[in-house]
Amino acid sequence: MEQAPPDPERQLQPAPLEPLGSPDAGLGAAVGKEAEGAGEESSGVDTKIEISVSEAEKRTGRNAMNMQETYTAYLIETRSVEHTDGQSVLTDSLWRRYSEFELLRSYLLVYYPHIVVPPLPEKRAEFVWHKLSADNMDPDFVERRRIGLENFLLRIASHPILCRDKIFYLFLTQEGNWKETVNETGFQLKADSRLKALNATFRVKNPDKRFTDLKHYSDELQSVISHLLRVRARVADRLYGVYKVHGNYGRVFSEWSAIEKEMGDGLQSAGHHMDVYASSIDDILEDEEHYADQLKEYLFYAEALRAVCRKHELMQYDLEMAAQDLASKKQQCEELVTGTVRTFSLKGMTTKLFGQETPEQREARIKVLEEQINEGEQQLKSKNLEGREFVKNAWADIERFKEQKNRDLKEALISYAVMQISMCKKGIQVWTNAKECFSKM
Amino acid sequence: MEGERRASQAPSSGLPAGGANGESPGGGAPFPGSSGSSALLQAEVLDLDEDEDDLEVFSKDASLMDMNSFSPMMPTSPLSMINQIKFEDEPDLKDLFITVDEPESHVTTIETFITYRIITKTSRGEFDSSEFEVRRRYQDFLWLKGKLEEAHPTLIIPPLPEKFIVKGMVERFNDDFIETRRKALHKFLNRIADHPTLTFNEDFKIFLTAQAWELSSHKKQGPGLLSRMGQTVRAVASSMRGVKNRPEEFMEMNNFIELFSQKINLIDKISQRIYKEEREYFDEMKEYGPIHILWSASEEDLVDTLKDVASCIDRCCKATEKRMSGLSEALLPVVHEYVLYSEMLMPILSVCFNVKGVMKRRDQIQAELDSKVEVLTYKKADTDLLPEEIGKLEDKVECANNALKADWERWKQNMQNDIKLAFTDMAEENIHYYEQCLATWESFLTSQTNLHLEEASEDKP
């Protein structure tokens, strides 16, 4: 799809902004890479765009209630890379805070309901094991969030449809006034408040099995990844304990070596290796944290999947309601015309109780109903069209998402294995050295 | 043959000879210089060992029988002994093999207790048979230790496992506790058997061979000749002043013991803690693998990868379990035994060397004194005793100190070897663990890359 999708909802209301359709709007249709990479490949465009969230800074400012607050701002740099010589030129650089990222995402959710919108990194640290801080201001957390935010932007930039959105473009390029611009789109009004009611169920008579299955899948994915992350955090905690306690050997051995003539040297150097062993766990677990972040992204993606399902459900519900409404109006009309009352209606009852209406009144009513029926039929038609478009577009994106997910998760699992291998190799080395020291004692 | 000559002098110094009346040789006055020149002895004993007859003769004599001092322990039962010291020795020098196994619970109206089966195999002449099987309970071990301490106040008696373990022990008779205790008791008896002097102690022999009723009646007897002699030595040593007892040596030993005690206690705590952490790690890991299997149920394209990851994690889990059990077999018991050793080393020192100030000395005299030995102790005015006797007593104390010093050297040597071996084992366990895990994950990687290559080649037209 080269052009912007005909957003069904937008057709109903005047859209203040049109997404840009031409490639030279400033963003090439970059093919995505997962996680931490900053570069993309071009797809037939001469300029590549590189986006990076390169820095994080603590700031203080005044919030809406004029109270002092501390927050972190992130520097977003956009570079355009000449395809021919590979030189990169900084085209834009601005600072954004987390809430602005949230705003961008909320906007995308409303304007692209059929797209699985990439998730943001977590707002608060979860699945924390004891050494990790749950504090949002903690430098490690901030660093991981920086990477997560960069990943978020890269995902959008590599999405064939989302990358062309003007608000996204402005997010990267227009520092001041961007918030106002977004709000002017009126997207908050368009957002279906019913979607926010998470517990509300819409009884859909003919649910689309594919979407039902997808919803189940997203529930399962969320549940299993949460479980995995929780256990992983506990395992990390324990592993940390095992390694660190060995560090105590180092201290005691070194003290002991002072009184041992023959064993002294052996003890001392063995102790040193115990220290090395104990401190090696820090890097190991830091690497593992990146792996956890990769899984977390898909945990949040599950939510995005569910959002698409819910939107579809809502559409389906509206469609069914509209059809139902139309059917009942037709029924009413028919009854008025033929004079038979087959269905119960309040009007009918009151008419019976309080007397018949005049033929003129009846005619008027039939006319109104016929108009409504016409309108209803139009609406139903367009709703149906909307629905079909939605399903088509959604499934295209879901297929794209599935492939991305399979690639990413497989790579993540392989990288986990690589990490384990590195940890084992380090372990073998340290203990071989220690063993040598012990045997020389 | 210097040692031999020296030994035969001992009976003539007025002390009742150890060997003459059936008491175990080596149980009486420690032999001057015998343990100290053990290496020398070793060579001599080797010569003596050729003849069965010579063996018999020496075993009945009150002379040195150092044959067992450094022999390695040969496992004679399915239960393997680990961490036994090996010096320069020949396995066939060992003639006493002991195993402790088969804990059994006995319930009476008054109490419940555990007995352990003790099997002794020996070729020594003074034993009536070559194989013995008896049952003993912890109390009996305590009794034995007490007797040994009485008879040899200046020797380092091996420690017994604790009566109870306060921390973390809910049930006195849970399986782990019993097994740990059994191993420690096995160690205890073997250490005695390996000790050049203690191995010939009569009470030790009775412990190994007597039937239950025999043992009870033996226990009821008053303190034997040896314990009385032990008391003498203790009393004399503690009351003597101005014994030129190489104070620097003593200070060295004292410092060493203090520091060693501190360090070994710390190492014990650290090792126990490591075990605990590894166990908790293992418990968490057990849950980790299965989650991947669960996940594979909803991911059609990742089924194999996820299942493979799960099986890798499970294999690493098993490897951790093995590492843990290695730790609890090799390192923990050894370290703990030395903690117990360190607890009793200081008291031994203070018996032999008069260190604790006047008050303590007086207390010690008070405690040790017995009407029968009173005549041998010094009072403030020590003019009662003849100079000769004084000289003999001084000699005795000198012997006692020498014996301790020799035993101390032996103990230190053992300790260094045991510790070295235990830690080397621990390192080995860890290396093995990481090697296993490495192999597991590497084969996973290979299978993934192979898969990838297969898929790639399938895609090619």
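Predicted model: local features only at pLDDT ≥ 70, side-chain atom pairs only at ≥ 80, totals over all residues.
Chain A and chain B bury about 5,300 Å² between them, and a search over all chains turns up 54 salt bridges. Here's the rundown, starting with the chains one by one and then moving to where they meet.

**Chain B by itself**

- There are 12 helices and three strands in chain B.
- Chain B runs to 461 residues, and buried ones make up 51% of them.
- Take the contacts in chain B with a separation of 6 or more: 74% of those come from residues 24 or more positions apart.

**Chain A by itself**

- Chain A has 11 helices and three strands, and along the sequence they come in the order α-β-β-β-α-α-α-α-α-α-α-α-α-α.
- Of its 441 residues, 46% are buried.
- Chain A exposes about 22,100 Å², and carbon and sulfur atoms account for 51% of that.
- For contacts in chain A with a separation of 6 or more, residues 24 or more positions apart supply 73%.

**Where the chains meet**

- On the chain A side 54 residues are in contact, and they touch 55 residues of chain B.
- Carbon and sulfur atoms carry 74% of the roughly 5,300 Å² buried between the two chains, a figure given as "about".
- Arg238(A), Tyr249(A) and Trp256(A) are the trio to look at: together they supply 12% of the area that chain A buries against chain B, more than any other three residues.
- As for polar pairing, the interface has 14 residue pairs in polar contact, counting pairs with both residues at pLDDT 80 or more.
- Which elements of chain A give two or more residues to the side that touches chain B? They are α8 (209-257), α9 (264-338) and α11 (359-440).
- Helix α8(A) provides the largest share of that side, with 24 residues.
- By residue class, the side of chain A that touches chain B splits into 33 nonpolar, nine polar and 12 charged residues.

**Salt bridges across the interface**

- Eight salt bridges are counted between chain A and chain B.
- One of them pairs Lys435(A) with Glu428(B), with the closest N and O atoms 2.2 Å apart.
- Glu284(B) and Arg234(A) also meet through their side chains in a salt bridge, at 2.8 Å from N to O. This pair crosses between chains, going from helix α9 (residues 247-296) of chain B to helix α8 of chain A.

**Salt bridges within a chain**

- In chain A, the side chains of Asp282(A) and Lys244(A) form a salt bridge, 3.2 Å from N to O. That ties distant parts of the chain, with Asp282(A) in helix α9 and Lys244(A) in helix α8, 38 residues apart.
- Both ends of that pair are partly exposed: Asp282(A) has 27% relative accessibility and Lys244(A) has 28%.
- In chain B, Arg124(B) bridges to Asp95(B), with the closest N and O atoms 2.9 Å apart. Arg124(B) lies in the loop between β2 (112-122) and β3 (131-137), and Asp95(B) in the loop between α3 (52-60) and β1 (96-107), so the bridge ties together parts that are 29 residues apart in sequence.
- Are Arg124(B) and Asp95(B) buried or exposed? Both are buried.
- Back in chain A, salt bridges with shared partners join Glu122(A), Arg144(A), Arg232(A), Glu288(A), Glu289(A), Asp293(A) and Lys296(A) into one network.

- Asn66(A) isn't a glycine, yet its phi is positive, near 60°. Asn66(A) sits in the loop between β1 (47-62) and β2 (68-82), and it is exposed, with a relative accessible area of 54%.
- Asn177(A) is another non-glycine with a positive phi, about 70°. Asn177(A) is in the loop between α4 (166-173) and α5 (178-184), and at 52% relative accessibility it counts as exposed.

Key: Residues numbered from 1 in each chain as written. Chains lettered and ligands numbered in written order. Heavy atoms only, no water. Contact = heavy atoms within 4.5 Å. Buried area = accessible area lost by both parts, 1.4 Å probe. Salt bridge = Lys/Arg side-chain N within 4 Å of Asp/Glu carboxyl O. Polar contact = N/O pair within 3.5 Å; in protein donor to acceptor, adjacent residues only side chain to side chain. Helix = DSSP H or I, 4+ residues; strand = E, 2+ residues; numbered from the N terminus. Nonpolar A, V, L, I, M, F, W, Y, C, P; charged D, E, K, R; others polar. Buried < 20%, exposed > 50% of the residue type's maximum accessible area, 1.4 Å probe, protein only. Areas by Shrake-Rupley, 256 points an atom, 1.4 Å probe, with all protein chains shown as cover.
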